[in-house]
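Visitor: I would like to learn how to read a structure like this one. Where do we start?

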Amino acid sequence: MQLADRMRTLGTETAFEVLARARALEAKGRQIIHLEIGEPDFDTPGNITQAGIEALKQGYTHYGPAAGLPELREAIAARIERTRRLPIDPGRIVVTPGAKPIMFFTILAVVNPGDEVIYPDPGFPIYESMVGFAGGVKRPIPLREERGFRLDVNELADLVNERTRLIILNSPHNPTGSVLTRADVAAIADVVGDSQVLVLSDEIYSEIMYGSEHVSIASFPGMLDRTILLDGFSKTYAMTGWRLGYGVFPEWLAPFVAKLQVNATSCTASFTQRAGVEALTGPQDGAQAMLAEFRRRRDVIVRGLNEIPGVSCLTPEGAFYVFPNIKRTGKSSQEVADLLLHEGGVGSLPGTSFGAGGQGYLRFSYANSVENIRMALERMAETLSAIRT
Ligand code: PLP
């Protein structure tokens, strides 16, 4: 078998591998509590599913425009205007099967071999994977617990140079749940200034926040033309399997991204996009109920983790992840994650799945019931106390 050389540069997302290992244990009769995978455990709200069914019946079963259905792009533009106070021409929007292709297409479209890309460490693993795949130079920026896992803008300024092509931001952040403040984002916009640097702003968790303000760098003067704003439906509307996301691009870039889409997928499924219109324009109570439940779970898991000897955990301001510090156990992230899975029957991800900066941490997704979260906390306390004795 002769693979192309570039395949050696491609990384992956280990969450899916851990899920497969957990399922293999379940097949042998073990009972596993799944806190490893980053998807809401709720069903898609009924009005959205119904709109998808209606669309199928109405014949939305054909190819559509590469950049997305006009009615969905308009609804997205209206949502961006409302949430970011940013009037957007729908021509800047490209709809994709999930938001992940926005990373793939953006990085392929703008990063030349040798160009430097700055991305958060810990951070969503696909950023690093795609930078390597495109031949870019990886410039991870550490997110430290002492700063609440928000990047240090002075450190960012030191990393930026004439070879920097792209800065990737993610707020609210996976895996730590941190949120950049308005002052942070303003300072980052200043660092970009009028350079040639572009920003990929991953805002997929922008509607899963617990009180702080979501600030998009695209809304700062001059930044709309330098920012690729990534968002989607998977998290806010529990629509992971529908595969629906989008990017808002600088005007010059949108047609090239649509061209990548023609080459890769032709277009996003038409009936899925019709369901997306309902998600954005229909009643929002389903999404609001999920958010309230996520907050309740967050409070339970943070309190519970901080009660376990050897573990400490900051309170995340967004997304549905916690990133507890397990350094005092004296074991690596991988060792603790393995012990938890095999001894405790609890699925988690080692912090190192998100970069070297994740050593000493675990990531739990609290997209599971309060009852299961409580049971997972008990099992974790037992497993860790066995290490100490
Ligand atoms: N960005 C971040 C930070 C994520 O955590 C995820 C999913 O886990 C995505 C983007 C992609 O979401 P999707 O492709 O399901 O829309």
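Guide: Start with one contact. A polar side-chain atom of Tyr 205 lies 2.7 Å from an oxygen atom of the ligand. Keep in mind that this is a predicted model.

Visitor: How much of the ligand's accessible area does the protein cover?

Guide: The ligand on its own has 390 Å² of accessible area, and the protein covers 94% of that.

Visitor: How many residues surround the ligand?

Guide: There are 14, and Asn 174 and Lys 235 are among the closest. By class, the shell holds 6 nonpolar, 4 polar and 4 charged residues. The space that the ligand takes is the largest pocket.

Visitor: Now the aromatic rings. How do I read a pair?

Guide: Two values describe a pair of aromatic rings: the distance of the centres and the angle of the planes. A search of the whole structure gives 14 aromatic pairs. In one of them, Phe 104 and Phe 105 have ring centres 6.4 Å apart and planes at 85°. Planes over 60 degrees apart count as edge-to-face, so this pair is edge-to-face.

Visitor: Are Phe 104 and Phe 105 buried or partly exposed?

Guide: Phe 104 is partly exposed, at 34% relative accessible area. Phe 105 is buried, at 4%.

Visitor: What is the geometry of Phe 233 and Tyr 246?

Guide: Their ring centres are 6.0 Å apart and the planes stand at 70°, so this pair is edge-to-face.

Key
Residues numbered from 1 in each chain as written. Predicted model: local features only at pLDDT ≥ 70, side-chain atom pairs only at ≥ 80, totals over all residues. Heavy atoms only, no water. Near = heavy atom within 4 Å. Polar contact = N/O pair within 3.5 Å; in protein donor to acceptor, adjacent residues only side chain to side chain. Areas by Shrake-Rupley, 256 points an atom, 1.4 Å probe, with all protein chains shown as cover. 1 Å grid on protein atoms, 1.4 Å probe; cavity = no way out; pocket = protein on both sides within 12 Å on 5 of 7 lines; lining within 4 Å. Sits in = over half its atoms within 2 Å of the grid points. Nonpolar A, V, L, I, M, F, W, Y, C, P; charged D, E, K, R; others polar. Phe/Tyr/Trp six-rings, centres within 6.5 Å; stacked < 30°, edge-to-face > 60°. Buried < 20%, exposed > 50% of the residue type's maximum accessible area, 1.4 Å probe, protein only.
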